[in-house]
Amino acid sequence: MTSFSDRIGLLQEDLRVPLYLQLQQLVRQAIQSRLLVQDDVIPAERDLAEEYGVSRITVRKAIDGLAQEGLLVRRRGAGTFVAARVDKSFSKLSSFSEDMMARGRRPSSEWLSKSVGLVTPEESLSLGLSPGTRVYRFQRMRFADDVPMAVEYSTIVGHCLPNLDAVVDSLYSALEANGCRPVRALQRLRAMHFPSDQSKRLGVETGHAGLFIERRGFLADGEAVEFTQSYYRGDAYDVVAELNAS
């Protein structure tokens with residue numbers, strides 16, 4: 001049976017780098033190169049200490065650091081595992097549900113609220129709407145395999161949906177059914193520390209590092225129909241963009 005050190009490599013005592021940092025780097029590289037994948041179990045601290053010939057304090061310090069990075073997750077009574085992460089490509093306009101299913105994950109939502117009303121000044125500016133225009137608002141939690149991933153706040157121009165109940169699971173599916181699915185979008189992303197309300201909903205500590213993504217979706221004729229603000233967990237979501245010189 002292949003040992004853990006055979007899979008990810010050995011420490012080098014002649015390096016002038018602390019052993020816990022070396023162990024962290026071995027595990028980190030193994031995850032990045034997919035030698036270790038989602039839900040792979042990490043051996044117990046005692047077993048790692050014995051295998052690598054280091055103290056349990058050294059192992060614990062290495063594992064703690066990787067857990068803080070979001071690469072590992074501790075499950076009470078079960079052990080330590082490679083955390084589940086999602087790569088989100090910014091080169092393709094797709095919905096959350098489509099992203100999850102494309103990666104073999106099971107998407108689901110929990111509705112926080114659905115409402116219809118008149119456009120606010122911020123929505124009017126973002127969507128280019130006149131005062132008094134009707135809009136639909138959808139607030140929901142987004143999950144992948146029952147793990148909370150994001151809190152999402154969407155505003156949709158009123159004529160793009162027949163009613164509030166038209167959106168069941170996928171907002172984009174409902175828009176497509178009404179001939180108003182966006183074909184182009186502008187997205188803005190920034191890193192942030194989550195305030196207490198978003199942290200509680202996502203099951204992380206206040207101040208948790210996350211991603212705030214703001215999207216405006218447009219039809220082929222240039223009409224803006226969607227304004228969405230989302231808070232994504234930084235420990236479970238990676239943004240990937242393909243770049244080329246042309």
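The structure holds 10 salt bridges. The model is a predicted one.

Asp 40 and Arg 7 form a salt bridge, with 3.4 Å between the closest N and O atoms. The two residues come from distant parts of the chain, 33 residues apart. Arg 7 belongs to helix α1 (residues 4–8). Asp 40 sits in the loop between α2 (19–32) and β1 (41–42). Arg 7 is partly exposed, at a relative accessible area of 36%.

A salt bridge also joins the side chains of Arg 106 and Asp 146, at 2.7 Å from N to O. Arg 106 lies in the loop between α5 (96–102) and β5, and Asp 146 lies in the loop between β6 (134–144) and β7 (147–157), so the pair ties together parts that are 40 residues apart in sequence. Arg 106 is partly exposed, with a relative accessibility of 43%. Asp 146 has a relative accessible area of 53% and is exposed; the cut-off for this class is over 50%.

Glu 176 pairs with Arg 181 in a further salt bridge. Here the closest N and O atoms are 3.6 Å apart. Arg 181 has a relative accessibility of 19%. This residue therefore counts as buried, since the class covers values under 20%.

Salt bridges also form a network, which links Arg 140, Arg 142 and Glu 152. Arg 140 and Arg 142 fall within the residue range of β6 (134–144), and Glu 152 falls within that of β7 (147–157).

The sheet is open and is built from six strands. Their order is β5-β6-β7-β10-β9-β8, and the pairing is antiparallel. The edges are taken by β5 (107–118) and β8 (184–193). Each edge strand has a single partner strand, so one side of each is left without a neighbour in the sheet. From one strand to the next, the twist averages 15°. Strands of a sheet pair through backbone hydrogen bonds, in either a parallel or an antiparallel manner.

Within this sheet, β9 and β10 were examined at residue level. Strand β9 spans residues 209–218, and strand β10 spans residues 224–233. The two run antiparallel and are joined by nine bridges.

How values were computed
Residues numbered from 1 in each chain as written. Predicted model: local features only at pLDDT ≥ 70, side-chain atom pairs only at ≥ 80, totals over all residues. Heavy atoms only, no water. Pairing = 2+ DSSP bridges. Helix = DSSP H or I, 4+ residues; strand = E, 2+ residues; numbered from the N terminus. Axes fitted to C-alpha atoms, helices over the stretch in contact; angles between N-to-C directions. Salt bridge = Lys/Arg side-chain N within 4 Å of Asp/Glu carboxyl O. Buried < 20%, exposed > 50% of the residue type's maximum accessible area, 1.4 Å probe, protein only.
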